[in-house]
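Q: I am new to this structure and would like to go through it step by step. Could we begin with the strands and then turn to the helices and loops?

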Amino acid sequence: RFWDAKQTRIGSMAKPLLIFQIGTNNWQRQGEFAPGSGILHASFHQTMNSMDGVKCFSIYPSKVQTDPEDDDTFRVFKINHDIPICESVSPNSSYRWHSMDDKEYQAYLNRLESEICAFMDQVEAREGKEFDYLISHHAFTNAMTAAQIVERRHREGKTKLKHFNFVHGTALKMYIKEKEGDPEYPMRFLTKCQGSGVFSGVASTQGVWVNSEDYIGKFLDCFPQYPKQNCVFSRIGVNQKIFCPRGTEVARDLAKHLREEDRGKVANMKRLVTFVGKFADWKRLDAVLYAAKEYEATFPDLGTAIVGTGPPEAIAMYEGLSKSLGLQRTVFLGPKSQDVLAELFSMSEVGMFPSYKEPFGMVFIECMACGTPTIGAKSGGPTEFVKPEQGVLVEEEADWHTEEGMKRLGGKVATEVIKAIDEDWKKTKGPGCIDFVTKNFSTVAQVEGMLSNMKEWSA
């Protein structure tokens, strides 16, 4: 498919549509694991560059990664600290935006803007044309930087560039916590972003995508001047070349991913339930562990794999809870690459992700793409796509912040895991999960939809 700046099909000799993306989180390369938004950015970049008539260039931050030697389409924004985060807990970083003073914050923005503009200038000189579209990830620092870049280029006589923003959950959660007066989130960045005017209308940002229908309202609550018709839900796509059935088995393939001290736990393990997520309270790993105590007692050959990480105190807390519950077949694997996740999902009976108000729930889609049904909680993004044919969402627990409430939630999850094993959901629902992902969550379809949106918003 060939596209010009208005996305019409054109001949192969035409110059390509040039797109630049500003990422918030690192990609998964050079031994550094990536959070969901980093993986999504990389997927967009790769998909766009696989399309005829489109060229995409990107930048993202990292303390440890270096620029590629064999790919001139992306660069690393080198920083000497962890990647700044909006939330209070992240497995990838403990460096919060709220911990920066204004001088540090402005210096970060200024350097980011300068490096992006220099990279764009080099690309344009080589390609012989200006960039058409600029996509910023997260409705925060990158969006404000992108708006500044558009203004800067207009002053230089380059008036073609249009800016669009992909909203992810963490920045919106930060704004909501600031509005609610959370002491960990003093009011600072919502007013800064509002004052910048980046979302005061379409002058600075022509369109906005959100990764959950629920987040349209949340975004407009924070930025009520932004036109609702330019804010749309973009259904997240998954790379089915990575996330697909791998033919892995617990008895044969799990051991290679274990810590030495856990190898004895798999001797009698033939079946597996897998949790993937960062060690943050809203991911509710403790409910998973309470559930494991029940279903592991019911099925002597069923084990639990915990994939993810967090701050040292969180790791100690959850591993300590596992020991205090006497879990004999629960193993902590740490963070894993996408390829390993696909292997683990493929050998699992179900994936178990009982997060509270998950912004979207990419891990559900990745798990389903491997032919494995899912169990979650009835809140947030998963309510928009997890149906009985692909698994189940348990009723929410109002008091989940308390120990008793978390135990009740764990009991609900355990009931569904036991049902999934008894009814062999892997066999009865698994093949349909793959078809469901193929039909509804293609990365190519998502990117084509975004290209169509940008054409419409730019008209």
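Q: How many bridges pair β12 and β13, and in which sense do they run?
A: β12 and β13 are joined by four bridges, in the parallel sense. Two strands count as paired if DSSP finds at least two bridges between them. Strands (E, at least two residues) and helices (H or I, at least four) are DSSP runs, numbered from the N terminus.

Q: Before we go on, what kind of model is this?
A: This is a predicted model, in which local features need pLDDT of at least 70 and side-chain atom pairs count only at pLDDT 80 or more, while totals for chains, interfaces and linings use all residues. Residues are numbered from 1 along each chain as its sequence is written, and side-chain values use heavy atoms, with hydrogens and water left out.

Q: Back to β13: which residue there is the bridge partner of T374?
A: The partner of T374 is G391.

Q: What is the strand order of the open sheet?
A: The six strands follow the order β10-β9-β8-β11-β12-β13, with parallel pairing. β10 (330-334) and β13 are the edge strands, each pairing on one side only. On average, neighbouring strands are turned by 20° against each other, direction ignored. Such angles run from 0 to 180 degrees between N-to-C directions, and the axes are lines fitted to C-alpha atoms, for helices over the stretch in contact.

Q: And β8, is that strand mostly covered or open?
A: β8, residues 271-276, is mostly covered, as five of its six residues are buried. Buried means under 20% relative accessible area, exposed means over 50%, and partly exposed lies in between (1.4 Å probe, protein chains only).

Q: Which strands does β8 pair with?
A: β8 is joined to β9 (residues 302-307) by six bridges, and the two run parallel. In that pairing, T274 has A305 as its bridge partner. β8 also pairs with β11 (residues 350-353), in the parallel sense over two bridges, where V273 stands opposite V350.

Q: Which helix lies across β8, β11, β12 and β13?
A: That helix is α11, which runs at about 165° to β12. α11 spans residues 362-369.

Q: Why is α11 described as largely enclosed?
A: Seven of the eight residues of α11 are buried, so the rest of the structure largely encloses this helix. Among the buried ones are F364, I365 and M368. The buried residues of α11 pack against several elements, including α10 (338-347) and α14 (430-440). Contact here means heavy atoms within 4.5 Å.

Q: Changing topic to the loops: where is R284?
A: R284 is in the loop between β8 and α8. R284 has a positive phi of about 60° although it is not a glycine. Its relative accessibility is 0%, so R284 counts as buried.

Q: And K357, buried or partly exposed?
A: K357 counts as partly exposed because its relative accessibility is 40%. K357 is found in the loop between β11 and α11, and its phi is positive, near 50°.
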